[in-house]
Amino acid sequence: MTIGLVGAAISSSVEAQSNNDRSWPQLRTPTSQFIELRPLAEAPALDLRRIDGKTIEMKALRGKVVLLSFWATWCPPCRRELPTLERLGRLVDPRDLEIVAISIDKGGKDSVAAFSRNIGVLRLLPFLDPDGLIAVRAGQASSSPFVLHGMPISYVVDRLGRVAGYIVGEVDWTSGDALALIRFYADR
C-alpha cells in the first residue's frame, strides 16, 4: 500500500475545517473540497523534471506557494482544468506562486507537448512524472511521496515548504474561491 509522506499525513491526520471556521478560505467544487492537512509535513526533497528538460529542485521553490497539479492527457476534467492553471499564472504574481503541472502520462514529452498545444496551453510548461517517482495512484506500493486519490489532484505547498492540503477533481483556478485560497497561503 502506498503510504508516502503525504499519504501518511492524509490517512492519519487530516483535519477538514468545519463550515463554521472561516479563518481560511473554503475552496469547494460540486464534487470535492480543499482538505487542509494537519500537522503540516515538509514537502519531500524532489527533483522536478520539466518538459523542456530543465530540472527544478522542490526546495528551490521555498518562499513561494507551490501548486502541484497532477494530470493526464486521458483525463477529461484535466483537459478543462489545465487552461485555468495557465490563466492563474497570469493573475498571481510569480514571486508568490509557482504552478507545477505534472503529467503522469507514459507517452513522453512529445505527446504531452502536442496535447498541451491542442488545448491551447502554451505558456504553462508541463512537468513529467511517467515513472511515478513523485506520485502514484492510491493503493499502489511505492515510495512516491504524493498519492493520486483521483485525477486531477492538486496539492498546495506553503511558503515554508510544507504540504498544506489538497483537492481532488477539476477546479477553476481563476474562481474567486481558488484565488482566495492561493492568496491566503501567499500572505501567510
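Student: What should I know before we start?
Tutor: In this predicted model, local features need pLDDT of at least 70 and side-chain atom pairs count only at pLDDT 80 or more, while totals for chains, interfaces and linings use all residues. Residues are numbered from 1 along each chain as its sequence is written, and side-chain values use heavy atoms, with hydrogens and water left out.

Student: Why is glutamate 36 called buried?
Tutor: Buried means under 20% relative accessible area, exposed over 50%, and partly exposed in between (1.4 Å probe, protein chains only). Glutamate 36 has 2%, so glutamate 36 is buried.

Student: What makes the link between the side chains of glutamate 36 and tyrosine 185 a polar contact?
Tutor: A polar contact is a pair of N or O atoms within 3.5 Å; within protein, one must be able to donate a hydrogen and the other to accept it, and residues adjacent in sequence count only if both atoms are side-chain atoms. Here the distance is 3.0 Å, so the pair meets the 3.5 Å limit. The side chain of glutamate 36 also makes a polar contact with that of arginine 38, at 3.2 Å.

Student: How many aromatic pairs does a search of the whole structure find?
Tutor: Seven.

Student: Why is the pair of phenylalanine 34 and tyrosine 185 called tilted?
Tutor: Rings of Phe, Tyr and Trp (its six-membered ring) pair if their centres lie within 6.5 Å; planes under 30 degrees apart count as stacked, over 60 as edge-to-face and the rest as tilted. These centres are 6.3 Å apart with 55° between the planes, so this pair is tilted.
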